[in-house]
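Here's a quick tour for anyone meeting this structure for the first time. Have a look at the sequence and the model, then read on.

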Amino acid sequence: QVQLVESGGGLVQTGGSLRLSCAASGRTFSMYAMGWFRQAPGKEREFVVAISSSGGRTKYADSVKGRFTISRDNAKNTVYLQMNSLKPEDTAVYSCAAYSGSSIVTGVRYWGQGTQVTVSS
């Protein structure tokens, strides 16, 4: 079992930055690919970015490429999402996810509760 706790959300103006963190419990964090998803009001949850267990591979949604950066620190059991040049359309609840295996193609197995990100225009 893996428990995920997100932090770092908040209110920011257009063009601003936020850094989300996701702390994972358990000693197997380094075995899992990790990712971030988001859900805006009235919309379905969508994929944002993912990173392989080693950190060697990443995948970004086109909407965030060049603005968001995912990273992980396996020694700290934590994955980060640096969000720059934020836009109002980035407003959503951001959830951390742990995949079933080391690769991002394995599918999500665990979810965090989410943290609200609001970008004002």
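**Salt bridges and burial**

Glutamate 46 counts as partly exposed because its relative accessibility is 35% (buried means under 20% relative accessible area, exposed over 50%, and partly exposed in between, with a 1.4 Å probe and protein chains only). Bear in mind that this is a predicted model: local features need pLDDT of at least 70, side-chain atom pairs count only at pLDDT 80 or more, and totals for chains, interfaces and linings use all residues. Residues are numbered from 1 along each chain as its sequence is written, and side-chain values use heavy atoms, with hydrogens and water left out.

*Charged pairs*

- Searching the whole structure turns up 4 salt bridges (a side-chain nitrogen of Lys or Arg within 4 Å of a carboxyl oxygen of Asp or Glu).
- Glutamate 46 pairs up with arginine 38 in one of them, at 2.6 Å from N to O; arginine 38 is buried, at 6% relative accessibility.
- Another salt bridge joins aspartate 90 and arginine 67, with the closest N and O atoms 2.7 Å apart. This pair ties together distant parts of the chain, 23 residues apart: aspartate 90 sits in the loop between E8 and E9, and arginine 67 in the loop between strand E6 (58-60) and E7. (Strands, labelled E, are DSSP runs of at least two residues, numbered from the N terminus.)
- Both partners are tucked away: aspartate 90 is buried at 1%, and arginine 67 is buried at 10%.
- Arg38, Glu46, Arg67 and Asp90 are linked in a salt-bridge network.
- Lysine 65 and aspartate 62 also meet, at 3.2 Å from N to O; here lysine 65 is partly exposed at 49%, while aspartate 62 is exposed at 64%.

*Strands and how they pair*

- E4 (34-39) has 5 of its 6 residues buried.
- E4 runs antiparallel to E5, joined by 5 bridges, and antiparallel to E9, joined by 6 (strands pair if DSSP finds at least two bridges between them).
- Arginine 38 turns up again here, standing opposite tyrosine 94 in E9.
- The E4–E5 hairpin has 6 residues between its strands, and glycine 42 in the turn has a positive phi of about 75 degrees.
- Strand E3 (residues 18-24) is largely enclosed by the rest of the structure, because 5 of its 7 residues are buried.
- E3 is antiparallel to E1 (residues 4-7), with 4 bridges, and to E8 (residues 78-83), with 6 bridges.

*Nonpolar cores*

- The largest nonpolar core has 30 residues, and among those touching the most other members are Leu4, Trp36 and Tyr94 (a core is a set of buried Ala, Val, Leu, Ile, Met, Phe, Trp, Tyr and Cys residues joined through side-chain atoms within 4.5 Å).
- A second, separate core of 5 residues includes Phe37 and Tyr99.
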